[in-house]
Amino acid sequence: MSSLPLNPGIQYDAERRIWALVTEQSMYAFGVTEENFLLHLHWGGRLHAFSDLSAATLPPERSSLDPALTSSAEEYPPFGGLRYGELAAMVTFADGTRDLDLRFHTVEMGERNGLPTLTVLLQDAIYPLEVRLYYSLDVDNDLIIRSTSFSNTGLDLIALERAFSAMWHLPCQFAPRTLTTLAGQWLSEDQIQQRPLVAGTELIESRTGSTGAIHAPWFAISSSDHEYPGETYFGTLAWSGNWAIRIRTTIFSATAITGGIHDHDFRWELPANAVFETPEFVAGFVQKGMNAARHRLHRYAREHVLPQSHVHMPRPVLYNSWEATSFDVNEPGQRALAERAASLGVELFVVDDGWFQGRNDDHAGLGDWFHDTHKFPNGLTPLITSVHTLGMQFGIWIEPEMVNPDSELYRTHPDWIYHFPRRPRSESRNQLVLNIGREDVQHYLFETLNTLLAEHAIDFVKWDMNRPIAEPGWPEAQQKDHEARELWVRHTRGVYQLMDKLRAAHPHVSIEACSGGGSRADLGVLKRADQIWASDNTNPEARLFIQEGFSLFLPARTMGAWITDNRSRNTIPFSFSSHVAMLGALGIGGNLLHWTNEEMQEIAHWISVYKKIRHLVQDGQQSWLLSPHTHQGNLTAVQFTALDGKEAVVFAFRRQNVFQGHLPHLRLQQLDPTSRYSIRSYPYKDRETSTTLSGAALQQRGLEIALTHTPYDSTILHLHALQRDE
Ligand code: DGJ
């Protein structure tokens with residue numbers, strides 16, 4: 001038994017068949033029993049040596065009603081044998097057997113996505129099914145990235161009925177824990193929900209065919225006990241289709257979490273030699289609370305998920321036409337907006353919905369991705385050239401998965417949508433969903449969008465999806481050797497494939513993922529999208545809540561946030577609305593033709609301030625110091641800090657101050673206690689203020705925030721560590 005210290009990396013105790021995945025500040029371990037079951041051994045803080053772990057053995061049977069396999073923490077429990085806890089996989093073999101018996105076979109060390117990876121091969125004891133569990137390790141970010149593949153090594157078809165990505169186990173703990181999830185709907189995405197973790201099963205899911213807004217594919221479980229402050233387990237799925245995360249806690253405080261592609265209406269047929277691979281389930285453990293969890297996921301997204309061709313460039317300040325012109329898009333109108341936008345310092349001008357054939361409202365046009373000849377009699381190029389001449393990039397809106405019945409595409413191919421032949425085709429926003437799993441649909445969409453991008457100097461695409469999938473029929477599936485229910489997975493894979501192919505053909509183009517606001521926000525789409533439209537709700541007060549939730553799992557550089565005319569009948573000043581939008585990838589969405597010169601000047605000021613601090617917002621570490629959910633004087637505060645702690649920016653917001661109370665000092669984080677920091681504010685019009693304080697004072701006593709009693713006051717403070725002799 002090894003008593004050598006366990007260093008970061010993948011470690012192995014050959015004698016007792018135990019593997020340890022050691023990160024900077026956490027450790028995950030599992031081992032093989034003598035019956036060859038793969039059992040979880042530890043997830044939490046780092047242990048010193050393998051000798052701190054006992055070998056993997058099945059627990060004694062408590063009673064005939066609590067079988068050993070149910071009470072044991074299996075790494076990937078299938079439906080089979082005496083298992084009644086959470087299950088990761090269910091299959092049906094060709095002879096009708098629905099019992100899966102997975103046993104450990106071998107392991108392999110390798111690399112996936114640039115990260116060290118341990119692959120554990122499990123095999124069914126009798127049937128020709130191999131299941132590979134992948135464990136990649138992000139040592140610096142304390143994360144484990146798990147996924148699973150199923151290989152049919154026999155001749156007969158095997159049907160997968162559930163194929164989750166992973167199973168995670170928390171150590172049993174009688175001290176209370178709190179479960180945090182994100183729930184929402186259109187205009188109210190990513191609302192933080194917290195409740196005590198008690199015995200029972202929690203399900204968060206989407207069954208819309210997309211990531212959805214009802215829940216975000218993320219969870220956190222933190223210790224609510226004073227003895228273990230800050231201990232937090234968290235995880236998120238990298239998948240933009242139907243998904244489920246199930247969190248099950250027993251009366252004896254054993255918590256198991258599993259999830260992946262939803263098993264609702266799921267079936268995948270695996271013919272001989274075929275392989276099915278699940279999406280990734282990323283999870284981690286930290287001892288310093290939600291901000292520490294945030295930092296880990298944000299860094300992981302930047303380093304290992306986001307398109308690396310664009311991640312080192314600042315996200316440009318964009319203008320989007322939607323709230324200003326809706327479908328009333330035409331060349332002179334957009335040109336006038338572009339001129340005003342350029343004068344503000346905007347770097348990317350995006351024409352939203354309404355530019356293509358027959359698109360005067362939401363009844364027609366989707367599917368016909370050609371410019372409307374009435375609105376753009378000379379094509380799109382004159383507008384694009386003007387935008388480029390004004391020094392901005394040009395972006396355009398599309399909704400590739402959709403078709404209006406009133407379109408050339410639908411008139412030509414009414415069979416290209418999901419449908420059951422004898423059922424009505426339910427329209428939503430007057431549109432139907434194209435079956436992207438079909439090769440001919442893929443081909444059409446690639447050719448059409450590729451031509452759009454090849455024939456125009458387009459730099460940015462906003463990719464929308466405004467309705468869920470319904471009547472999920474695929475009448476031709478059997479002739480194509482597909483099971484119709486595969487369409488849920490094939491749809492998401494089809495979207496990914498289309499995005500990947502378009503990106504490969506047009507490497508300079510960046511993509512914004514959108515789904516009626518923030519219904520497609522996840523790490524899966526972020527492998528091919530540079531940013532996400534977080535919500536159609538642009539009211540700054542609502543945005544504070546939405547953005548706090550979004551920031552729990554996705555970084556600020558990916559969060560589209562606009563300054564618009566939606567300011568509660570102008571009771572919210574532009575300064576507050578600008579500061580809220582500056583917490584993400586800043587955009588402008590108001591009708592600039594109606595803004596006064598004074599308003600234009602003010603917004604130009606905030607854009608120029610954003611450009612001074614965006615490296616911190618987009619690439620620094622984001623910490624929410626005060627949540628909008630807390631009621632301390634309605635104060636919200638967010639700090640973005642450079643990785644070396646030498647520079648930071650702090651945003652503070654007060655919505656209302658009905659009690660006219662004093663503000664508490666704001667205690668900052670992650671600064672160097674021994675450095676002195678200059679602290680500079682950027683008020684519009686008033687004189688800039690500047691003071692200095694030590695990192696220790698800023699963190700221990702806190703910063704005095706000068707906010708008035710006026711509703712919706714806010715401020716930005718920019719901190720720089722001074723040289724020792726300054
Ligand atoms: C929904 C998006 O969230 C909006 O920003 C806008 O693009 C509309 N769709 C256009 O139809």
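The shell around the ligand comprises four nonpolar, three polar and six charged residues; in this scheme Asp, Glu, Lys and Arg are charged, Ala, Val, Leu, Ile, Met, Phe, Trp, Tyr, Cys and Pro are nonpolar, and the others, Gly among them, are polar. The model is predicted, so that local features need pLDDT of at least 70 and side-chain atom pairs count only at pLDDT 80 or more, while totals for chains, interfaces and linings use all residues. Residues are numbered from 1 along each chain as its sequence is written, and side-chain values use heavy atoms, with hydrogens and water left out.

Of the 13 residues around the ligand, the nearest are Asp352, Asp353, Lys462, Asp464 and Asp536; a residue belongs here if one of its heavy atoms lies within 4 Å of the ligand.

| Residue | Ligand atom | Distance |
|---|---|---|
| Lys462 | oxygen | 2.7 Å |
| Asp464 | nitrogen | 2.7 Å |
| Trp533 | oxygen | 3.4 Å |

The protein covers 98% of the 290 Å² of accessible area that the ligand has on its own, as computed by the Shrake-Rupley method with a 1.4 Å probe.

The chain is divided into domain 1 (9–305), domain 2 (308–529 + 555–619) and domain 3 (623–721), with bounds from an automatic or database domain assignment. The centres of domain 2 and domain 3, taken over C-alpha atoms, are 35 Å apart. Their contact (heavy atoms within 4.5 Å) takes 22 residues from domain 2 and 23 residues from domain 3.

Between domain 2 and domain 3 about 1900 Å² is buried, and carbon and sulfur atoms give 73% of this area; buried area is the accessible area (1.4 Å probe) that two parts lose on being put together, summed over both. Phe576, Leu583 and Leu616 supply 35% of the area that domain 2 buries against domain 3, more than any other three residues.

One salt bridge is found across this interface of domain 2 and domain 3, the term denoting a side-chain nitrogen of Lys or Arg within 4 Å of a carboxyl oxygen of Asp or Glu. Lys685 and Glu598 form a salt bridge through their side chains, at 2.9 Å from N to O.

Note on methods
A polar contact is a pair of N or O atoms within 3.5 Å; within protein, one must be able to donate a hydrogen and the other to accept it, and residues adjacent in sequence count only if both atoms are side-chain atoms.
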